[in-house]
Amino acid sequence: MKRIITFGTFDIFHIGHINILERAASLGDYLIVGVSSDALNFEKKNRFPIYNENDRKKIISSLSFVDEVFIEESLELKKEYIIKYHANTLVMGDDWFGRFDWVKPACDVIYLPRTPSISTTEIIEIVRSI
């Protein structure tokens with residue numbers, strides 16, 4: 001069985017999230033998704049997500065093509081998560097290109113193109129400016 005793992009914040013859920021998760025799922029038999037904790041999101045983006053980690057985890061868990069979801073506490077633990085969940089392939093958006101090549105001894109790494117013209121950060125900025 002080919003097990004795919006991916007990670008993200010998945011705040012203000014949008015079509016770009018669906019696209020990358022569907023593409024990741026199509027690469028294997030079982031899709032595992034690490035949802036960034038609120039603390040990790042603050043560390044990465046210097047702001048807390050709009051939706052808390054439990055709500056974001058529930059949103060991702062509701063997708064029919066997602067098999068398992070957990071809370072990701074640290075970017076540095078990617079390799080440990082890959083081993084723990086027995087993943088064969090790590091899939092990330094190409095905005096992270098090359099940043100996780102260090103896990104290649106544990107699994108394959110694939111960077112998928114993001115959906116153009118949509119991002120959670122842009123959506124939040126637009127809403128705040130209204």
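Leaving aside its neighbours within four places in sequence, with which residues is I82 in contact? This is a predicted model, in which local features need pLDDT of at least 70 and side-chain atom pairs count only at pLDDT 80 or more, while totals for chains, interfaces and linings use all residues. Residues are numbered from 1 along each chain as its sequence is written, and side-chain values use heavy atoms, without hydrogens or water.

**View 1. Surroundings of I82.** Beyond its neighbours within four places in sequence, I82 is in contact with I5, A87, L90, V103, A106 and C107. Contact means heavy atoms within 4.5 Å.

**View 2. Nonpolar cores.** A nonpolar core is a set of buried Ala, Val, Leu, Ile, Met, Phe, Trp, Tyr and Cys residues joined through side-chain atoms within 4.5 Å; buried means under 20% relative accessible area, exposed over 50%, and partly exposed in between (1.4 Å probe, protein chains only). The largest such core has 18 residues, and I5, F7, F70, I82, L90, M92 and F100 have the most contacts inside it. At least two residues of this core come from each of β1 (3-8), α4 (78-84), β4 (89-93) and β5 (108-112). Helices (H or I, at least four residues) and strands (E, at least two) are DSSP runs, numbered from the N terminus. Another core, of 16 residues, lies apart from the largest one and has F10, V35, V66 and L112 among its members.

**View 3. Buried face of α1.** In helix α1 (residues 15-26), the buried residues are G16, H17, I20, L21, A24 and A25. They line one face of the helix, because they fall within an arc of 165° seen down its axis, the arc being that of the directions from the helix axis to the C-beta atoms.

**View 4. D55 in α3.** D55 lies in helix α3 (residues 53-61) and counts as partly exposed at 37% relative accessibility. The C-alpha atoms of D55 and D11 are separated by 9.3 Å.

Methods. Expected span 1.5 Å × (residues − 1).
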